[in-house]
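Here is a note for a colleague who is meeting this structure for the first time. Please read the points with the model open beside them.

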Amino acid sequence: MKKITFAAFVAFWASVMTVAAMSWLSPEPAMRDDSALPEYTLKEVAEHDSLDSCWKVIEGKVYDFTEYIPDHPTPPRIMEAWCGREATEAMRTKGIGRDHSPAAWAMMEPYLIGRLIEKD
Ligand code: HEM
């Protein structure tokens, strides 16, 4: 019986150490280097103002939401109204005074294509 208890003790601590080692050894997620993103002006973004090509600026970043619009939980016209425009406020309020959920903010990431520069 003592042997079994000892074996269980060793197995328990071995698995704890394995989990700890895995978390120590796995690299930190790489920080995104925004300066490497392509630069766009508001004028360039404004050319993508339809459901066929819908770019938006949110917090200084440029997103191409064309592929996402059919999945957005509103009729497309709600998103379309902000295509080609600065849409930070729209994202923050949904046009109804309520911010999007953290999950919705996180969903933007795959659509990031660049960053806004001021010059025109
Ligand atoms: C910028 C213009 C946008 C406007 C005006 C807008 C508007 C809205 C509205 C009216 C709703 C439903 C209202 C409600 O939650 O009760 C909604 C929900 C939602 N939207 Fe948007 N939206 C925009 C952009 C986006 C973007 C860029 C994403 C993600 C890529 C997104 C993801 C979602 C999700 C996941 C929901 C479900 C509720 C939540 O998680 O907050 N939306 N949006």
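1. Basis of the note. This is a predicted model, in which local features need pLDDT of at least 70 and side-chain atom pairs count only at pLDDT 80 or more, while totals for chains, interfaces and linings use all residues. Residues are numbered from 1 along each chain as its sequence is written.

2. Elements and their order. The protein has 5 helices and 6 strands, which are DSSP runs (H or I of at least four residues for helices, E of at least two for strands) numbered from the N terminus. Along the sequence they follow the pattern α-β-α-β-β-β-α-β-α-α-β.

3. Overall dimensions. The C-alpha trace spans about 75 × 35 × 25 Å along its principal axes. The radius of gyration, taken over C-alpha atoms, is 23 Å, whereas a compact globule of 120 residues would have a value near 14 Å by the rule of 2.2 Å times the number of residues to the power 0.38.

4. Burial. Of the 120 residues, 13% count as buried, a term that requires 20 or more other C-beta atoms, placed from the backbone, within 10 Å of the residue's own.

5. Antiparallel partners of β3. Strands count as paired if DSSP finds at least two bridges between them. Strand β2 (residues 49-50) runs antiparallel to β3 and is joined to it by 2 bridges; Asp49 has Cys54 in β3 as its bridge partner, and a hairpin of 2 residues connects the two strands. With strand β4 (residues 61-64), β3 pairs in the antiparallel sense over 4 bridges, and here Trp55 is bridged to Asp64 of β4. The hairpin between β3 and β4 also has 2 residues between the strands, and Glu59 in its turn has a positive phi of about 50°.

6. Parallel partner of β3. Strand β5 (residues 85-86) pairs with β3 in the parallel sense over 2 bridges, and Val57 has Glu86 in β5 as its bridge partner.

7. Surroundings of the ligand. Which residues are the closest to the ligand? They are Ala87, Ala90, Lys94, Ser101 and Ala104, within a shell of 21 residues. The elements giving two or more residues to this shell are α3 (76-80), α4 (88-93) and α5 (102-106). By class, the shell divides into 14 nonpolar, 5 polar and 2 charged residues, where Ala, Val, Leu, Ile, Met, Phe, Trp, Tyr, Cys and Pro count as nonpolar, Asp, Glu, Lys and Arg as charged, and the others, Gly among them, as polar.

Technical notes:
A residue is near a molecule or strand if its C-beta atom, placed from the backbone, lies within 6 Å of it. A residue is buried if 20 or more other C-beta atoms lie within 10 Å of its own, exposed if 12 or fewer, and partly exposed in between; C-beta atoms are placed from the backbone.
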